[in-house]
Amino acid sequence: SQGAGSVPVFDAAGGGKILQVQYVFNASLSSAIDTTSNTMATSGITFDITPAATSSKIYIIFETGYTYMPSNSQQGLVVNIKRDATFLGTGAQAMSYNHSPGVAWNNNLTLHVVDSPSTTSAITYSVWFSSVQPSAGTVALAGTACSYCFSGMEIGA
């Protein structure tokens, strides 16, 4: 229902409610999570969630800082999220592609994703990343000067 000047209310339909929240947070890494691979590598950052209904959506948020030290002018960082063995982003740029020609780069990264897993079985979401070709420089997520937070909220349909 909605009255004049009010925010819409969705509880009459039974949807839009947060059913559960799962997350991992780390603010005290002893070193960065890095790779020189130009193919997707796991960051080791994961969370598990078991949806209550097949119609539920999972709202995923990943926040961290990142760095890359280019080995050439085409260097960059690609980030993607997997649901079990399936990448949620597709294509060469996956979910996030960051590029700065020929210079080292430090910045913040935030991904927001809505997934429809259509299952009530346990799911593992994980963060994957790679250096961008043609040759691999070092790319890093998080580190001693920044944290990461990876969370998932089950939203009832």
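Buried residues are here those under 20% relative accessible area, exposed ones those over 50%, and partly exposed ones those in between (1.4 Å probe, protein chains only). By that rule, buried residues make up 38% of the 157 residues in the protein chain. The structure is a predicted model, in which local features need pLDDT of at least 70 and side-chain atom pairs count only at pLDDT 80 or more, while totals for chains, interfaces and linings use all residues. Residues are numbered from 1 along each chain as its sequence is written, and side-chain values rest on heavy atoms, with hydrogens and water left out.

The overall layout comes first. The protein chain has 11 strands and zero helices, where strands (E, at least two residues) and helices (H or I, at least four) are DSSP runs numbered from the N terminus. Read from the N terminus, the elements run β-β-β-β-β-β-β-β-β-β-β. With contact taken as heavy atoms within 4.5 Å, 83% of the contacts between residues at least 6 apart in sequence join residues at least 24 apart. The protein chain exposes about 8,000 Å², of which carbon and sulfur atoms supply 51% (Shrake-Rupley method, 1.4 Å probe; for residues, only the protein chains shown count as cover).

Thr-86 is partly exposed, at a relative accessible area of 41%. Its C-alpha atom is separated by 10.0 Å from that of Ser-126, which is 40 residues away along the chain.

The hairpin of strand 5 and strand 6 has two residues between the strands, and Asp-84 takes a positive phi near 50° there. Asp-84 is not a glycine, and this residue is partly exposed, with a relative accessible area of 44%. Ser-118 is found in the loop between strand 8 (105-115) and strand 9, where it is exposed, with a relative accessible area of 52%.

Side chains of opposite charge can pair when their charged atoms come close. Counting a salt bridge as a side-chain nitrogen of Lys or Arg within 4 Å of a carboxyl oxygen of Asp or Glu, the total comes to one. This salt bridge is formed by the side chains of Asp-115 and Arg-83 (2.7 Å, N to O). Asp-115 lies in strand 8 and Arg-83 in strand 5, so the pair ties together parts that are 32 residues apart in sequence. Both Asp-115 and Arg-83 are buried.

Strand 4 (residues 57-69) holds Thr-64 and also Phe-62. Phe-62 is buried, with a relative accessible area of 0%. Leaving aside neighbours within four places in sequence, Phe-62 is in contact with residues including Ile-45, Ile-81, Leu-109, Val-127, Leu-141 and Phe-150. Phe-62 and Ser-151 are 89 residues apart in sequence and 6.5 Å apart in space, C-alpha to C-alpha. Thr-64 counts as buried at 6% relative accessibility, and its side chain reaches the backbone oxygen of Ser-147 at 3.1 Å. Not counting residues up to four places away in sequence, Thr-64 touches several others, among them Asn-107, Asn-108, Leu-109, Ala-142 and Tyr-148.

Finally, the surface carries a nonpolar patch of about 440 Å² made by Ile-18, Val-21, Tyr-23 and Phe-25. Such patches are made of residues with over 30% relative accessible area and no salt bridge, with nonpolar side chains (Val, Leu, Ile, Met, Phe, Trp, Tyr) joined within 5 Å and like charges within 9 Å. Phe-25 lies in strand 1 (residues 18-26).

Methods. Pairing = 2+ DSSP bridges. Polar contact = N/O pair within 3.5 Å; in protein donor to acceptor, adjacent residues only side chain to side chain.
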